[in-house]
Amino acid sequence: MGGVILANVNTEEEIQTIIKEDPFFINKIAEYELIEFTPTKYDENFKVFVNN
């Protein structure tokens with residue numbers, strides 16, 4: 001089983017803070033891999049998140 005956390009952050013420290021608050025991290029039942037990417041196609045409703 002897997003999951004995804006999408007986050008629009010400026011630093012790795014910001015995403016680490018988010019991960020540390022995740023219940024799966026707190027209970028040590030998940031592993032995390034950070035993959036940085038810039039979306040090129042997205043629904044218009046997500047524009048506010050992509051262009052921050």
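Predicted model: local features only at pLDDT ≥ 70, side-chain atom pairs only at ≥ 80, totals over all residues.

Residues are numbered from 1 along each chain as its sequence is written, and side-chain values use heavy atoms, with hydrogens and water left out.

Me: How many salt bridges does a search of the whole structure find?
Reply: A salt bridge here is a side-chain nitrogen of Lys or Arg within 4 Å of a carboxyl oxygen of Asp or Glu. Lys47 meets that rule with Glu44. The search of the whole structure gives a count of one.

Me: How far apart are the closest N and O atoms of Lys47 and Glu44?
Reply: Buried means under 20% relative accessible area, exposed over 50%, and partly exposed in between (1.4 Å probe, protein chains only). Lys47 is partly exposed because its relative accessibility is 40%. Glu44 is exposed, at 56%. Their closest N and O atoms are separated by 3.8 Å.

Me: Where is Glu44 found, and what separates its C-alpha from that of Tyr32?
Reply: Glu44 is in the loop between H2 and H3. Helices (H or I, at least four residues) and strands (E, at least two) are DSSP runs, numbered from the N terminus. Glu44 and Tyr32 are twelve residues apart along the chain. Their C-alpha atoms are separated by 29 Å.

Me: What kind of aromatic pair do Phe46 and Phe49 form?
Reply: The whole structure holds two aromatic pairs. Phe46 and Phe49 make one of them, 6.3 Å centre to centre with 50° between the planes. Rings of Phe, Tyr and Trp (its six-membered ring) pair if their centres lie within 6.5 Å; planes under 30 degrees apart count as stacked, over 60 as edge-to-face and the rest as tilted. The Phe46 and Phe49 pair is therefore tilted.

Me: What accessible area does the nonpolar patch on the surface have?
Reply: Patches are made of residues with over 30% relative accessible area and no salt bridge: like charges are joined within 9 Å, nonpolar side chains (Val, Leu, Ile, Met, Phe, Trp, Tyr) within 5 Å. Areas come from the Shrake-Rupley method with a 1.4 Å probe; for residues, only the protein chains shown count as cover. The members are Ile5, Ile18, Phe24, Phe25, Ile26, Ile29 and Tyr32. Together they have about 650 Å².

Me: Which helix gives the largest share of the nonpolar patch?
Reply: Phe24, a patch member, sits in helix H2. Phe24 is partly exposed, because its relative accessibility is 46%. Three residues of the patch come from the helix spanning residues 23–26, which is H2.

Me: How much space lies in the largest pocket?
Reply: On a 1 Å grid over the protein atoms alone, a cavity is a set of points where a 1.4 Å probe fits but cannot get out, and a pocket is an open set with protein on both sides within 12 Å along at least five of seven lines; lining residues have an atom within 4 Å of a point. Grid points are joined across faces, edges and corners, and a volume is the space filled by probe spheres set on the points. The largest pocket has about 1,300 Å³.

Me: Which element gives the largest share of the lining of the largest pocket?
Reply: The lining has 32 residues, with Ile5, Leu6, Ala7, Ile35 and Phe37 nearest the centre. Helix H1 (12–20) and helix H3 (47–50) are the elements that give two or more residues. The largest share, three residues, comes from H1.

Me: How far apart in space are Gln16 and Leu34?
Reply: Gln16 is in helix H1. Its relative accessible area is 28%, so Gln16 is partly exposed. Gln16 and Leu34 are 18 residues apart in sequence. C-alpha to C-alpha, the distance is 9.6 Å.

Me: What is the phi of Lys28?
Reply: Lys28 lies in the loop between H2 and H3. Lys28 is exposed, because its relative accessibility is 75%. Lys28 is not a glycine, yet its phi is positive, at about 55°.
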